[in-house]
Amino acid sequence: MFNSLKLYTTLAINLEDILSILVEFGYKRQERVSEEGDFSCRGGIIDIFPFSFELPIRIELDFNKIASIKTFNHLTGEPVWEHSMVIILPIKKSHPLKPQGYGLASDSQSRKPSSFSEEFPLDNLVDLKTGDHVVHNQYGIGKFLGLEKIKILDKYKDHLVIEYDLQEKLYVPIEEMNLVQKYIAFQTKQPRLHKLGTKKWLKAKEKVKRGVQKLALDLLSLQAMRLSAEGFSCHTDTDWQKQFEESFPFEETPDQLKAELEVKRDMESIKPMDRLLCGDVGYGKTEVAMRAAFKAVTNNKQVAFLVPTTILAEQHYQNFLFRIQNFPISIQMLSRFKTTRQQKETIKGLGQGTVDIVIGTHRLLSSDIKFKDLGLVIIDEEQRFGVKHKEKLKSLRLACDVLTLTATPIPRTLYMSLMNAKDLSIINTPPENRLPIKTIVVEYDEDLIRQAILKEKNRRGQVFFLHNRVKDIEKIKNRLTRILPTEISITFAHGQMRPKLLEAVMRKFLKGEIDCLVCTMIIQSGIDIPNANTIIVNNAHRFGLADLHQLRGRVGRLNKPAYAYFMMPKHEALENPAQKRLEAIQEHSALGSGFKIAMEDLELRGAGNLLGEQQHGFIAAVGFDLYCRLLREAVSNFKKGGYFH
């Protein structure tokens, strides 16, 4: 029996042989794939839901050659992203083999099979390219040279070939590839290759093991304090809850429903909730948050919804007002869009309990804000808040339920390693009929700008033109006015405008009275205007990768093609990091790219701010993936030792 099935584009295959191998691997032929272990075949298309994959893959044949391999959403049939190669593992797992000494791994005596679903970094392997640096858990950092067939006991088996110092090679059987991870350390400097047969790698790994223990203790200490605190237990859903949820105008995705159940389960527990809800831009995190807020209010608790920008506070406020119009619930907004008198009345209402839900910026964390009975805090993009604000939020976590929303997460692998210390929900499924945003990276071109705006106007849509300099934003608006027909309505908006004027402009744009809005980064987080389906970003090279992804997510909310134009100056040589960011944003344009964008962003910027400089050094020593595994191991060991129960 084969140990794995490697499929790549341009490979010539015999269809019947492939189907026979899948059956031998333990896969079942179905009309349509719906879960791991299913496969189907219709003409020149083979659908497979491989073991340990989150979504199935679709292989399209051109006669007997593989033309394309795509991950697709089996609920909608829409493609998600494309691969040049995939490796299919059997459902009937064979025993991975333990390497002896170094050199050729001997027959990465048998040992107990490891859990592929927990241990196997499949995404990393699919993305592995010849020449990439990799980490073998037992031998250290080397360079991946590709796959090679080696004859062992009269059978040819695929092996990963890894080159180490002095050009020594390690051959790892394909069934042991769970021992190999792509080396990622968020630094531009190339790592040094380890020597086979020395203790240097083991010493480096031991040093990191000791180093992650402090981080594990800190994580568990916070968790222990939270678990020892006694919170409030919400009752199960009411008829009102059902009515509120039925007013949602769209079809919920399976991931949305799963996340909603996880949040409600936490709220019905006596322990305070501290859950991170992670999902790409526009994937429906806000609806999960709104349902949680409604549940808290119907349990006679107050809700604080904390957002990073005034514009986003206004939009959430309007959405909530619309959704609760048939219920006796009081909602207010606390931001600079409100007068001093209005703010004082809201603060008074929070203290007296006459305000049920308040939506606002960091103003909500001021010392003069007192709640009568705060039950739930929702935080949108916590990384956008400062150190002092985070300290205040830390104290809130011990007293009430906290739900944090993020669209640009720390990569999924890290959270997998912390899952026993932090609760996580992931929304990976795109909304129904959502299309990938067409991403174009070009030099600044007024003819192209004119064409893009007119094209959007002709289909009755709207355009964001992002220019992130207040000093000359009006000049940019005037320049666009000169090149566009008079029937195009165009204006500008930025965060330094008088609150009432900014509010009036944004409301006009929301109502569709403005065709093109020239604006700054005030639109970056969360703002949702379904009719705006083209965004043009000027001087895109000055933005971080996560920022570019967030900005792109402001369009594409309807079921029609959306366009993101990232423009750079003409005839200007870009610095290497800026060039890489623009290449990455164009490459990762498929639905659900947020996780890959987050990883790329950390590789380009460094991870010092993420875990501290010392932890950054540990990541560089062993690679990010192994660092995560060692951290997870430390958390698990402390728990087993009875430190925190």
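This is a predicted model: local features need pLDDT of at least 70, side-chain atom pairs count only at pLDDT 80 or more; totals for chains, interfaces and linings use all residues.
Is R42 buried, exposed or partly exposed? I looked it up, and R42 counts as partly exposed at 39% relative accessibility. My cut-offs were under 20% relative accessible area for buried, over 50% for exposed and in between for partly exposed, with a 1.4 Å probe and protein chains only.

Residues are numbered from 1 along each chain as its sequence is written, and side-chain values use heavy atoms, with hydrogens and water left out.

**Salt bridges**

I took a salt bridge as a side-chain nitrogen of Lys or Arg within 4 Å of a carboxyl oxygen of Asp or Glu. By this rule I have 28 salt bridges.

The partner of R42 is D47, with the closest N and O atoms 3.4 Å apart. D47 is buried, at a relative accessible area of 3%.

Next I checked R275 and E262, whose side chains form a salt bridge at 3.7 Å, N to O. R275 sits in strand β14 (residues 274–279) and E262 in helix α6 (residues 254–267), so this pair ties together parts 13 residues apart in sequence. For these labels, helices (H or I, at least four residues) and strands (E, at least two) are DSSP runs, numbered from the N terminus. Both R275 and E262 are buried.

Then I turned to R507 and E503, which meet in a salt bridge at 3.1 Å, N to O. Both belong to helix α14 (residues 499–510) and are 4 residues apart, about one turn of the helix. An α-helix has 3.6 residues a turn, so residues three or four places apart point the same way. R507 is partly exposed at 33% relative accessible area, whereas E503 is buried at 10%.

I also noted a network of salt bridges that links D237, E245, E252, E260, K264, E268, E287, R291, K295 and R323.

**T71**

I found T71 in strand β6 (residues 65–72), buried with a relative accessible area of 4%. Its side chain makes a polar contact with the side chain of H83 at 2.7 Å; that term means a pair of N or O atoms within 3.5 Å, where within protein one must be able to donate a hydrogen and the other to accept it, and residues adjacent in sequence count only if both atoms are side-chain atoms. Leaving aside neighbours within four places in sequence, T71 is in contact (heavy atoms within 4.5 Å) with residues including L55, I57 and W81.

**Helix α15**

Last, I looked at α15 (residues 545–552), where 7 of the 8 residues are buried, among them H549 and R552.
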